[in-house]
Amino acid sequence: MSAPANPSNPRVAVVPFVGVGLAAVVAGGLIAAAIAHAPTEPLVWLVAYLVLVVGVAQAGLGIGQFWLADHLLTPARLWAQFTLYNLGNAGVIAGTLLNLPLLVDAGGVLLAVALIGFIVGSRGAGDLGTLRWLYRILIVLLLISVLIGLLLAQLQAV
């Protein structure tokens with residue numbers, strides 16, 4: 001495996017994604033501990049969403065893009081992805097917990113745009129071609145899960 005194309009900006013490229021991802025995993029764990037005595041479906045969903053989507057997926061997206069991009073990722077692009085991904089997650093979470101399907105939809109659209117940005121950000125070939133395609137497949141699976149989540153939110157609102 002070769003070195004990433006982004007050694008000049010590793011903090012900008014990785015730290016925000018990993019930092020918020022780690023914070024989300026910790027928050028999910030704390031919420032799980034707090035609700036363990038009387039879990040509700042929305043709070044159990046929140047814990048899973050925080051850990052898997054906001055936490056693990058976000059850290060993986062940031063790290064993967066950093067390692068797989070064969071071009072320098074600009075701070076503007078990275079901050080746009082970070083902002084879209086987290087605003088999208090905030091919209092999905094708030095819309096789900098408040099039963100506001102349009103807010104879930106808006107959050108889902110922001111997530112989809114961010115995920116497409118991660119696919120574009122990982123473009124290139126080189127000796128990381130197989131890893132790059134695996135990364136992209138995972139992003140497509142996340143996109144499919146966003147679409148399924150939007151459909152479920154609409155069905156639940158009916």
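Mentor: Happy to! Let's begin with Phe17, which is buried at a relative accessible area of 1%; buried means under 20% relative accessible area, exposed over 50%, and partly exposed in between, with a 1.4 Å probe and protein chains only. Before going further, please keep in mind that this is a predicted model, in which local features need pLDDT of at least 70, side-chain atom pairs count only at pLDDT 80 or more, and totals for chains, interfaces and linings use all residues. Residues are numbered from 1 along each chain as its sequence is written, and side-chain values use heavy atoms, with hydrogens and water left out.

Phe17 forms an aromatic pair with Phe82, edge-to-face, at 5.6 Å centre to centre and 80° between the planes. For such pairs, the ring centres of Phe, Tyr or Trp (its six-membered ring) lie within 6.5 Å; planes under 30 degrees apart count as stacked, over 60 as edge-to-face and the rest as tilted. Because Phe17 lies in helix H1 (residues 10-35) and Phe82 in helix H3 (residues 75-97), the pair ties together parts that are 65 residues apart in sequence. Helices here are DSSP runs of H or I with at least four residues, numbered from the N terminus. Phe82 is buried as well, with a relative accessible area of 15%.

Widening the view, ring pairs link Phe17, Trp79, Phe82, Tyr85 and Phe118 into a cluster, and the structure holds six aromatic pairs.

Phe118 takes us on to H4, where it is one of the buried residues, along with others including Leu111, Ala114 and Leu115. H4 has 21 residues and reaches 30 Å from its first C-alpha to its last, close to the 30 Å expected at 1.5 Å a residue; that expected span is 1.5 Å times one less than the number of residues.

Leu128 counts as buried at 7% relative accessibility. Its C-alpha atom is separated by 33 Å from that of Ala90, 38 residues away along the chain.

One more ring deserves a look: the charged end of Arg136 sits over the ring of Trp133, 4.9 Å from its centre. The term applies if NZ of Lys or CZ of Arg is within 6 Å of the ring centre and within 35 degrees of the ring normal.

Conventions:
Helix = DSSP H or I, 4+ residues; strand = E, 2+ residues; numbered from the N terminus.
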